[in-house]
Amino acid sequence: MSTPAYPPRPAPGDKVAVISPSFAGPAVFPRPFETGLGRLVAEFGLRPVEYATTRAHATPAERAADVNAAFADPSVKAVFASIGGEDQITVLPYLDCEVIRANPKPFFGMSDNTSLLLYLWNTGIVGYHGGLIMTTFGRPHGISPLSADSVRAALFGPREYELRPAPEFKTVDQDWAAEETWRTPPPMEPGTGWIWHRPDRVVEGVSWGGCVEILAWHLMADSEIQEDPAAYDGCVLFLETSEEMPPGTEIYRTLRNMGERGLLRRFPALLWGRPKTWAFDRRNEPAERARYATEQREAVLRALAEYAPGTMAVFDVDFGHTDPQLTLPYGGRIRVDGPARRISVTY
């Protein structure tokens, strides 16, 4: 397995594709989508081009056709997913690997877009975990400064970028359909920093991972997972969970199965995203949120103790289903400096 290569960067003024390879969120919630498109233009100087199924509920083959077309178009310099979803694994069989490999471009997405990021990793192209149009760019009351700085660096530079803990973060979501959401800034909580486990070394390697639930589906389907676990030797694993808030037992079992497959011990460092601890169908009070976050962390540490006792881990890193959200290179290099308590990435 060769190391994924960085695709050419876009520049201000370039056209970029906007697609919905999973859920057609823009059709259901047009306001955050339109807001995100506007900021892509006004604040980043890019020219978004919507594809046929961006706002349409479409078949996997139809959505894949948009992905193929976006990569094939030489005038398009980057590709953005509108939002996540839950069935992107069904889109991958319809992708044209040769077209995508011949036309490498930065792809920005997360959550269910872990599927496409896995596909690009195996195709040999670095992708970017973060930067969804509706959640990152379309955030009510403006893009979080930390999110904006990170995604801007991923788009335009600098190439070397040091991650920093969020000074504050959002736990409780706002309803996109409610007018109050667009009048009142989101409630924020003081940042808690990162939690380090076994920070006794420096690890630098190619990144791999994504949303735990999506990765688990690929492990079950044996889809986009390298047959030889040695393909992941020395990589930096990064994982995070969605608003579905899987219980600690499920997290442990997923990691246990990675361990039984011989995967978990291949990664000398693990970055674990700040967990989502509140959702509209689980409106946890502060004590319940803290209990869930602790349960999740203990599940991860249990799996590491059993299958990868030498792995260094950093918890509550600000990526994934959290706000603000750092963009991570998927297949790019990440450096985890335990003694210095620093994390840097190569965009």
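The protein has 11 helices and 16 strands, taken as DSSP runs (H or I, at least four residues, for helices; E, at least two, for strands) and numbered from the N terminus. The model is predicted: local features need pLDDT of at least 70, side-chain atom pairs count only at pLDDT 80 or more, and totals for chains, interfaces and linings use all residues. Residues are numbered from 1 along each chain as its sequence is written, and side-chain values use heavy atoms, without hydrogens and water.

The radius of gyration is 19 Å; a compact globule of 347 residues would have a value near 20 Å, so the two agree. This radius is taken over C-alpha atoms, and the globule rule is 2.2 Å times the number of residues to the power 0.38. Along the principal axes, the C-alpha atoms fill a box of roughly 50 × 45 × 35 Å.

Of the 347 residues, 56% are buried (under 20% relative accessible area, 1.4 Å probe, protein chains only). The accessible surface comes to about 13200 Å², by the Shrake-Rupley method with a 1.4 Å probe. Carbon and sulfur atoms account for 52% of this surface. Contacts are heavy atoms within 4.5 Å. Among those between residues at least 6 apart in sequence, 81% join residues at least 24 apart.

Ala279 lies in the loop between β12 (269-273) and α11 (286-307). Its relative accessible area is 4%, so Ala279 is buried. Beyond neighbours within four places in sequence, Ala279 is in contact with Glu243 and Met245. Glu227 is 52 residues from Ala279 in sequence, and their C-alpha atoms are 36 Å apart in space.

Methods
Buried < 20%, exposed > 50% of the residue type's maximum accessible area, 1.4 Å probe, protein only.
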